[in-house]
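Student: I would like a close look at one part of this protein, the pairs of charged side chains. Could you walk me through them?

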Amino acid sequence: MSDKSLPTGASLASYALEKLREQSFAFLPSKEAHLLYQNLGLQNFSLKDWEQFAESWNDLGLDRYMADGGRYRKRRHATYSVTDGIIKRKKHQPHYQSRDYNLLNGGIERWFSPIKEDIGQHPALLSIIQTATYFAESLISEIHKPKSWHSEIHQFRIEAAKGQQAKPTPEGMHRDGVDLVLVIMIHRENIKEGITTIHALDRKTLLGSFTLAAPLDTAIVNDHKVYHGVTNVEPEDPDKPAYRDVLVVTLRHE
């Protein structure tokens, strides 16, 4: 799905920012996304690092807060502050969303297993947080920039099984109540569907759709201006394990 017209290097960041300003979301295929993370994050971040990072999705805890009764989602969670480019992990804390943003699972504190220490300081993750911060800061005026950003990191695995609904966004089309959302494909195993859709604030007008398919495929979303969602996934072969792994990074004013 790579767009041959996409620029490379520093101009890739400008391209993605232009898309964010024009349509409030940007999709970057894996090759370009990797270049972006190297350019805006740690330049020594390599795909070899990525393989070790991706393996950590094999050790996530069950999400026991699913109000629909589902047992198809696994996750880990961590929070960070970003101040003047310095990324500092915070003490482990619950994830909270009001029911205004998450009617299904909102309104309560949800405690998830913490992201492991080595993954929490991994060059891939730090590069991604730095990149997300660049876009969050670029979308607001200098006068409104916060002293610090609050970043939440979510490792998700959605498991699909024969005869079972598996919902990457069980709350449906939604906003997260933050400034910026960045979603990265980690791995798809024996999965079909899982189409990301972007809608205008009227929740009716479809602005775009794409599928995060290859590792590092990336979606960047201005959460103030659009809704996003992902269609249900199902196994291609119902007799084999099937799952969809993604990383979600959000940023909001501290």
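This is a predicted model: local features need pLDDT of at least 70, side-chain atom pairs count only at pLDDT 80 or more; totals for chains, interfaces and linings use all residues.

Student: To begin with, is Arg157 buried or exposed?

Tutor: Arg157 counts as buried, because its relative accessibility is 8% and the cut-off for buried is under 20%. Its partner is Asp245: the two side chains form a salt bridge, with 2.7 Å from N to O. This pair ties together distant parts of the chain, since Asp245 belongs to strand β15 (residues 242–253) and Arg157 to strand β7 (residues 149–160), 88 residues apart. Asp245 is buried too, at a relative accessible area of 2%.

Why do such pairs form? Side chains of opposite charge can pair when their charged atoms come close.

Now turn to Arg73 and Asp63, another salt bridge, whose closest N and O atoms lie 2.9 Å apart. Here Arg73 sits in strand β3 (residues 73–83), while Asp63 is in the loop between β2 and β3, 10 residues apart. Both ends are buried: Arg73 has 5% relative accessibility, and Asp63 has 0%.

Next come Asp59 and Lys116, joined by a salt bridge at 2.3 Å from N to O. Asp59 is found in the loop between α3 (47–55) and β2 (61–62), and Lys116 in the loop between β6 (109–110) and α4 (117–120), 57 residues apart. These two count as partly exposed, with relative accessibility of 34% for Asp59 and 42% for Lys116. Salt bridges with shared partners also bring in Arg76, so that Asp59, Arg76 and Lys116 make one network.

Methods. Residues are numbered from 1 along each chain as its sequence is written. Side-chain values use heavy atoms; hydrogens and water are left out. A salt bridge is a side-chain nitrogen of Lys or Arg within 4 Å of a carboxyl oxygen of Asp or Glu. Helices (H or I, at least four residues) and strands (E, at least two) are DSSP runs, numbered from the N terminus. Buried means under 20% relative accessible area, exposed over 50%, partly exposed in between (1.4 Å probe, protein chains only).
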